[in-house]
Amino acid sequence: MGKKYMGKVAELGCSLCQVIGYGPTPAEVHHLREGVGMAQRNSDFLTIPLCPEHHRGASGVHGDRSALKNARQDEMSLLAWTIEALNG
């Protein structure tokens, strides 16, 4: 069930791109870091869609996180966006 769910999450397109007005862009799945240790991974159901730049890029969630800060977003707000988008 987790892989199927994550596939639906990725199909939404980058949540941050959409929140800041870029529209849907191809996305990969990011597991939220909230509440887990450095070497741990959250549940597959606690995932958000992010484009490669917002996921792994210098300003992304695995970089300096400035894209999130500039958009006044955090992982939890993007999780809420994801859940709303999935439940239309």
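**View 1. Arg65, a partly exposed loop residue.** Arg65 has a relative accessible area of 28%, so it counts as partly exposed (buried is under 20% relative accessible area, exposed over 50%, partly exposed in between, with a 1.4 Å probe and protein chains only). Arg65 sits in the loop that runs between helix H3 (52-56) and helix H4 (66-70). Helices are DSSP runs of H or I with at least four residues, strands are runs of E with at least two, and both are numbered from the N terminus. The phi angle of Arg65 is near 65°, a positive value in a residue other than glycine. This is a predicted model: local features need pLDDT of at least 70, side-chain atom pairs count only at pLDDT 80 or more, and totals for chains, interfaces and linings use all residues. Residues are numbered from 1 along each chain as its sequence is written, and side-chain values use heavy atoms, with hydrogens and water left out.

**View 2. Arg72, an exposed loop residue with positive phi.** Arg72 lies in the loop between H4 and helix H5 (75-86). Its phi is near 55°, again positive in a residue other than glycine. Arg72 counts as exposed because its relative accessibility is 79%.

**View 3. The strand pair S1 and S2.** Strand S1 (residues 28-31) and S2 pair in the antiparallel sense over 4 bridges. Pairing requires that DSSP finds at least two bridges between two strands. His30 stands opposite Ile48 in S2. Strand S2 (residues 47-50) is covered on both faces. Thr47 and Pro49 are buried on one side, Ile48 and Leu50 on the other.

**View 4. Ser15, buried in helix H2.** Ser15 belongs to helix H2 (residues 15-19). Its relative accessibility is 0%, so Ser15 counts as buried. Residues up to four places away in sequence are not counted in what follows. Contact here means heavy atoms within 4.5 Å. Ile48, Pro49 and Leu50 are among the buried residues of S2.

**View 5. Glu53 in helix H3.** Glu53 is found in helix H3. Glu53 counts as partly exposed because its relative accessibility is 41%. Leaving aside neighbours within four places in sequence, Glu53 is in contact with Ala58, Ser59 and Gly60. Arg33 is 20 residues from Glu53 along the chain, and their C-alpha atoms are separated by 17 Å.

**View 6. The chain as a whole.** The secondary structure comes to 5 helices and 2 strands. From the N terminus on, the order is α-α-β-β-α-α-α. The C-alpha atoms fill a box of roughly 35 × 30 × 20 Å along the principal axes. The radius of gyration is 12 Å, which agrees with the value near 12 Å for a compact globule of 88 residues. That radius is taken over C-alpha atoms, and the globule rule is 2.2 Å times the number of residues to the power 0.38. Of the 88 residues, 36% count as buried. Among contacts between residues at least 6 apart in sequence, 58% join residues at least 24 apart.
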